[in-house]
Each structure stands twice: as C-alpha cells, then as structure tokens.
Amino acid sequence: MEKRDEFLCGVVEGFYGRPWSMEQRKVLFQWMHRWGLNTYLYGPKDDLKHRLLWREVYSTEEEAQLKALISEAEMRGLKFVYALSPGQDIVFSSSSDLTLLKRKLRQVAELGCQAFAVLFDDIDHSMCQADIEAFSSFAHAQVSVANEIFRFLGEPPVFLFCPTEYCGSLCSPSVSKSPYLLTVGEDLLPGISVIWTGSKVISRELSADSLLEVQSVLQRSPLVWDNLHANDYDSRRVFLGPFKGRPPGLRAHLRGLLLNPNCEFEANYIPLHTLGTWNQAGKGERKGQGHLYCSNQALSAALKDWMDELSQPLQPGRQIKPAEHKSSTASSKVKPTDSFDSHHGPQSKSPCSARALPLCSAQAKKALDGTDSGAAPLQSEDRARGAPSRENVPGKGLCAGKAPLSEAQVRLLVGLYYLPHEHGPPAQSLLQDLTWLRGNCHYVSVNGNGKKTQPQKVEEWRMRAAHFLATCDEVAALHGSVVNSVNRALLYDLYPYIWDLRNTVLVAKAFISWLEGRVMSESSSLGSWKNCFHWCGASSGAELLGLEAEPWVFKGGLSGEVQMLLPVGTSTELFCHPPPLFPTSRVYNIRPYQQKDKVELYRMLRQLHQRARSAQDSAGCHPDFVGDRYLGASLALCPEYTFVLEDELGVCGCAVGILDVRNFAKRYQASWLPALRDKYLTRPPHGANGHSASKEVLLSLHEEQEYPDSLLYHFPSQLRLEALPELVDCSVSRSLLTSLLTALKANGSQGVFCEVQPTDRLRLEFLTKLGFLEILRGESRSTEGLVLGRLL
C-alpha cells in the first residue's frame with residue numbers, strides 16, 4: 001500500500017480557458033520526471049465533462065485517450081489524480097446524482113487511475129430546498145458526499161477535497177472561526193486531504209504560521225493548490241518568473257504542493273523547472289542536508305536550460321505536422337466539445353481569440369471570418385489593384401529569417417513578464433523612468449523656466465528619457481525576435497502578450513519623445529494634464545496603494561501600468577484589442593513630426609488621394625494641392641500635434657491634430673488662406689483647368705473650418721489620421737491615433753472630433769471601435785461628411 005504521507009509535488013491543470021492538448025501533457029510529464037516532480041492533477045475548468053457536463057461518462061474514444069494519458073504518467077513515475085467538479089449543479093441529497101458521480105469515477109478507476117479529487121471551488125454557497133432539509137449546513141452536504149465517494153473508491157491513498165472556502169480571504173469571519181472550515185475539519189474522514197491556496201486566491205507568500213492555523217482548523221496538513229503562475233484572470237498577463245515566496249521548510253506543514261500554471265503551455269518552462277529545484281531543496285532540508293533554495297539561482301539554471309529548449313524548431317502545440325499546425329491557429333473559432341482530448345476544447349479566456357481584428361488587412365479579416373469587410377481605416381482594396389506591396393520587399397516580409405532568441409532577450413522576456421505581485425528588473429526600470437519623466441516634465445515644458453533656472457534637471461530629464469526610449473526599442477526588437485523565433489510553439493503562446501506590450505510602449509515612447517518643449521506648464525489656462533491620474537506604477541498597483549489585493553484588481557500587468565501612466569490611460573478601448581492574424585516582425589516607430597517629413601507626408605497623401613479616385617483629377621495640376629488641402633495648415637500652424645508613423649521602409653502614416661479649433665480657425669483665416677491665395681491664385685498651376693481647380697480647393701478649405709459652437713464646446717480638438725493600406729501590421733494605426741490623443745489630452749483637451757465620409761465604411765468601423773460616436777450629421781452642415789467625436 002502506498003504511503004499516505006508522501007509529499008505530493010507537481011502540477012494541477014486547473015485553469016479556466018482552453019485545456020492543454022494530449023501532446024502537451026506528454027511533454028509536461030517528461031519535464032516533471034526530469035525535474036523530480038511526482039504528481040499531476042487533471043482538472044481543467046473548461047473541459048466540459050470535468051465541470052459543466054460532469055454527469056456524462058466518456059466515450060470509447062475518450063476512454064482510450066484517458067487511459068493512454070494515465071499510462072504515460074505512470075511510465076514517468078507520476079501520480080495521475082483525476083478531479084471532478086460537480087458543485088455547480090449537484091443536488092447533494094439526490095441518490096441519482098450520487099449514483100452518477102460514482103459511475104463517472106468508477107469508469108476512470110477502471111482505466112487505471114488510483115488517485116482522485118472532488119472539487120467544490122468557485123460555486124455558490126446556496127442549497128436547494130431538498131438539501132436544506134437533508135443537511136445541517138453547506139459544509140455538511142459537501143463532506144457527506146466526499147466521505148461516501150472516498151469509501152466507494154476503497155479509500156485510495158490520494159483523495160483530495162477542495163472546499164468552497166479554499167483560502168483565508170474567502171473564510172467568514174476568519175480561518176480559525178469559520179463554521180464551514182470547522183465542519184470540514186471535524187467531519188471529513190482523516191484519509192482525505194484538503195486543498196488550500198493560502199491567505200489569498202493568489203498568495204504572494206506562504207508562511208508557516210498561516211499554514212499551522214489552517215492545519216489546526218482542518219485537523220490535517222493541507223495540500224496547496226498554488227495559483228502563483230496562473231494567468232486565466234487577465235488576458236494581458238503571463239508569468240515567466242521563478243517559483244518564489246514559499247520556503248522549502250513549508251513541506252513539513254503540507255500534504256503537498258501543486259502549481260496551477262499559465263494557460264499557455266510554453267510559458268511554464270521556468271515556473272516548473274524552478275518548482276522542481278524548490279522540491280529538491282525541500283527534500284534536502286528534511287534530511288538535514290541544509291540545502292537552501294534561492295529563486296535567483298534557480299532562475300539562472302532554468303534560463304540556461306530554456307535556451308536549449310527555445311533553439312528547437314517546435315511547432316505550435318508541440319505538433320510536428322504542418323496540417324495540425326494550421327488547424328491549431330484557427331481552433332479558437334471551434335465550438336467547445338466534450339472530448340477528453342481537449343486540444344479542440346473551449347478557449348473562453350484565451351487572449352488570442354479570433355474575434356474581428358481592428359486595423360488588420362482586408363485579406364486577414366476575410367481569412368478570419370469569411371467576409372470581405374476589413375477593419376482597416378483606409379483603402380485596403382488597393383492590394384487587389386496591384387498596388388506596390390511593402391511586405392514583398394526582400395528581407396522585410398512576414399516572419400523572415402527564423403532564429404533562436406539571444407540570452408539577453410530571454411532574460412528581458414522573463415523580466416517583463418515576471419510574477420503577479422512583482423515586476424522583474426527591466427519592467428521596474430521601465431515604470432520608474434516613465435513615472436519620473438511624467439512627474440518632472442515641467443522642467444522641459446514649452447513655457448517653463450527649467451532650462452534657465454535648473455539646467456541640471458533638464459539634462460537629467462533628457463538622460464532618463466534616452467534610457468526609457470532605448471528600453472522601448474529593446475521591447476520592439478524582442479517582439480520581432482519572438483515573431484522570427486525558430487520555436488514556433490513559443491511564438492503562438494507568447495505573441496499576444498509581447499504584441500500588446502510592443503503597442504503600448506510604442507505609444508509611451510511617442511509620448512515621451514513629444515513631451516520636451518511641447519507640454520504646457522501647470523500655469524496653462526487649459527490645466528495640468530497630471531491631474532488625469534489616479535495612481536502610477538513604480539512597482540505594482542497593489543504595492544503603491546498599500547493593499548494586499550488579488551492581482552486581478554489591477555488589470556494588464558506591465559502593459560496596463562504603462563497605459564495608466566499616460567494621459568488617456570483610463571480609455572481601455574484604445575489599448576486592448578486582439579492581435580493580428582498574421583504576425584509580422586517589421587519594426588515600427590511613432591515620433592513627433594519634423595519639418596523634413598513634409599515632403600514624404602505630402603507624397604503619401606497624394607498617393608492615397610489618387611488611389612481613392614482611381615484616376616487623375618484636378619489635384620494632379622499641382623503636386624502640393626492635396627497636401628496643402630488636408631495637412632498644410634496643421635503642419636504650418638500647429639506642427640506640435642502631428643505624429644509620424646514609420647517602418648523600415650520609411651514614412652507610412654501620420655496623425656494630425658488641432659488642439660483648439662476656434663483659435664486655429666482665426667489663425668487659418670489670418671495667415672494660411674492668404675498664403676494659399678498667393679500660391680495658387682497669384683501663380684496658378686499650368687493647364688486649362690488650373691485656375692478653376694485652385695478656386696475649388698480654396699473654397700473647400702474655407703468650408704471645412706466651419707463647425708458650430710455646440711460641437712466645439714465639448715469637442716474643442718480635431719484630428720486627421722492617414723496611413724498606407726499596405727501596412728503589414730495595421731494595428732499600429734491604432735497606436736498612432738492613441739499617441740495623438742495622448743498629446744491632446746496632456747495639454748488639456750477634453751474632447752476630439754474628426755470628419756468621415758459616409759461611404760468610408762472601414763474608417764467608420766475603425767473609429768467606432770476606438771470609442772468615437774457620431775455627433776453631427778452632414779444635414780446640419782454645408783458638407784456631406786459625418787462628424788465623429790469622443791471625450792478624452
């Protein structure tokens with residue numbers, strides 16, 4: 001008979017979201033065997049026959065898969081624990097439900113499983129009337145079922161029970177005084193182990209004192225279900241850091257410890273590797289050999305081994321065949337099934353779900369949802385006309401040369417996605433620099449006196465800004481390396497996260513580049529932009545507020561904290577979107593406009609205008625007509641609110657803003673119109689239609705400046721966004737627009753509007769997704785355009 005006091009250490013697949021594939025579990029078992037772990041608990045929340053359809057038995061095919069998995073675990077020397085979660089709808093007093101529960105577990109036992117768990121976590125405390133009449137309490141009902149199942153299975157050496165109050169924060173009124181836990185401790189048979197997560201659902205640390213308290217109440221040593229690396233509660237976070245905050249000496253107070261890891265399989269190499277090191281250190285400590293566990297040393301050892309793993313040309317899901325690779329990329333569109341082989345299981349919380357993608361190419365959207373309607377704001381149909389494609393330039397295409405990540409990049413990756421309560425060094429540095437730069441921007445403000453009175457502060461600001469911008473460039477380079485990684489399994493699991501961070505720091509970099517000499521000082525009549533913030537992230541949101549809160553209280557991890565340090569940080573719709581269908585390693589940059597950009601911007605706008613008209617028109621009479629009409633006044637009168645988007649091939653987009661339209665209109669009439677008259681009327685373009693075309697353009701320019709006071713009262717600022725349709729990663733258009741909104745908000749704007757033609761469906765869809773609403777129709781104006789606006 002197996003000893004009941006053997007320490008169980010390993011993995012619980014107990015997260016919400018798509019369960020792992022059979023192939024991934026086999027690789028997991030290899031890792032666990034290699035690193036000295038001994039227990040695997042099967043309990044993915046979104047396997048239908050584990051939780052929602054727990055009464056249904058497995059089919060013959062599913063039985064074969066489950067039996068093979070149990071055999072694979074045994075071959076690796078692992079205990080396979082099968083868990084069932086009937087708590088959502090079980091009637092505890094129903095003999096029928098109890099019979100179905102026994103039938104299901106007997107089926108699994110006949111497949112060779114010898115260890116079981118019954119889970120009652122994340123359910124309502126209420127009972128139906130029949131249970132209220134049959135049991136004295138909710139705990140009594142659960143314990144009665146668990147005890148009967150335990151006896152029915154022959155009192156196996158490993159039988160786990162997860163209570164509804166499974167951590168200190170869920171206990172009422174406290175751990176030591178909880179009637180629920182006291183009943184569990186008194187009435188649950190002694191051979192059943194109780195699952196516990198610590199003081200919180202996701203505990204930053206586990207202490208011997210807290211475990212002794214719960215051990216006293218439960219009258220047995222608990223088994224820790226450790227959610228330290230679980231990320232199913234936040235689609236923008238993943239945790240690559242080491243196992244930490246649990247001294248190896250805790251083993252003396254525990255039945256075992258099972259890590260509930262990241263949903264993304266490839267993200268768990270370092271967490272599980274370091275867990276194995278922790279487990280070995282605990283064994284040595286128990287034997288009096290004095291082995292100490294150091295998380296930093298364990299991380300270094302794991303990083304070294306992970307480098308070898310990342311150099312392997314692995315396909316997504318650890319699959320080798322290209323056909324399987326292709327199917328896995330589209331599986332998020334597949335409806336959940338009840339198959340045990342949950343490779344095709346649900347993906348309800350996957351950050352890479354296949355929803356309509358903002359700003360992707362028309363081809364990408366068509367491939368995704370079977371339609372020909374893209375979400376790009378510009379004329380994506382130009383590709384079909386044979387327009388030159390930027391993605392076909394040699395060496396600049398999608399996922400160009402495959403190569404492993406460097407050690408420095410892997411360390412950066414881990415540091416950016418560290419642990420739920422703690423950032424790694426590079427993330428801390430990024431947040432500290434951004435916080436300091438934001439708080440001291442008055443030294444470099446457009447009307448500040450810092451340059452005269454405190455030049456050393458100005459120099460410090462510039463040095464820290466340069467350091468921050470360099471870190472942003474490293475993140476961008478890391479994004480490209482992940483896309484080009486030879487390990488495609490890593491790409492598919494981590495790309496949504498690094499893509500999200502790349503886009504967020506793209507905006508932050510543009511904003512810091514813009515700040516010097518452009519932000520107004522606090523004496524400005526428009527007010528201080530720094531009043532927009534409620535908190536900032538020097539280390540983590542929870543730490544700054546002095547709260548011992550669950551990590552999901554502060555959404556987004558590093559990306560979320562960088563976002564919240566920006567003036568428009570509370571506008572989540574500007575930052576959170578699904579990643580593009582086709583990853584690209586192309587490097588993009590968003591920066592403030594420079595005078596030398598005017599030629600390229602005019603050329604780009606002329607190209608877009610000609611494509612839209614599909615034929616030469618009056619604009620062809622003079623090369624500057626289109627540029628002067630749509631951009632010229634803004635570039636001449638308020639160039640500080642223009643941002644340029646560029647990739648490796650040059651300028652590919654721009655966002656142009658006007659902070660105060662009323663004031664701009666006065667300056668426009670006083671200086672810009674006279675300049676245009678001199679350019680186009682005094683010296684008209686050559687050709688028969690040149691003079692009439694000049695008058696037409698001047699008239700349209702004059703009309704476009706007429707907006708009612710009722711509009712400008714709430715939306716004093718205006719914007720225009722232009723980008724080439726050949727953008728490989730069109731999501732950067734969203735970052736470009738966000739950069740402009742950030743600058744406008746920083747100088748006091750409370751709302752922004754733009755004009756869109758009713759026929760420009762793609763642009764309308766794009767702006768609507770970013771929070772713009774129709775506020776003025778063409779009937780109330782002299783033009784046919786729609787006016788869309790959003791508050792800042």
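**Ground rules.** I am reading a predicted model, where local features need pLDDT of at least 70 and side-chain atom pairs count only at pLDDT 80 or more, while totals for chains, interfaces and linings use all residues. Residues are numbered from 1 along each chain as its sequence is written, and side-chain values use heavy atoms, with hydrogens and water left out. Helices (H or I, at least four residues) and strands (E, at least two) are DSSP runs numbered from the N terminus. I call two strands paired if DSSP finds at least two bridges between them.

**The barrel.** I followed eight strands from E1 to E8 around a closed barrel with parallel pairing.

**From E1 to E2.** I counted four bridges here too, in the parallel sense. Valine 11 faces tyrosine 40 of E2. E1, helix H1 (residues 22-34) and E2 form a right-handed β-α-β unit; right-handed means that, with the strands pointing away from the viewer, the path from the first strand over the helix to the second runs clockwise.

**On to E3.** I then traced the chain from E2 through helix H2 (residues 60-75) to E3, another right-handed β-α-β crossover. E2 pairs with E3 (residues 79-84) over four parallel bridges, and phenylalanine 80 in E3 is the bridge partner of tyrosine 40.

**Side chains of E2.** Which way do they point from residues 39-42? I noted Thr39 and Leu41 on one side, Tyr40 and Tyr42 on the other, and all are buried (under 20% relative accessible area, with exposed over 50%, partly exposed in between, 1.4 Å probe, protein chains only).
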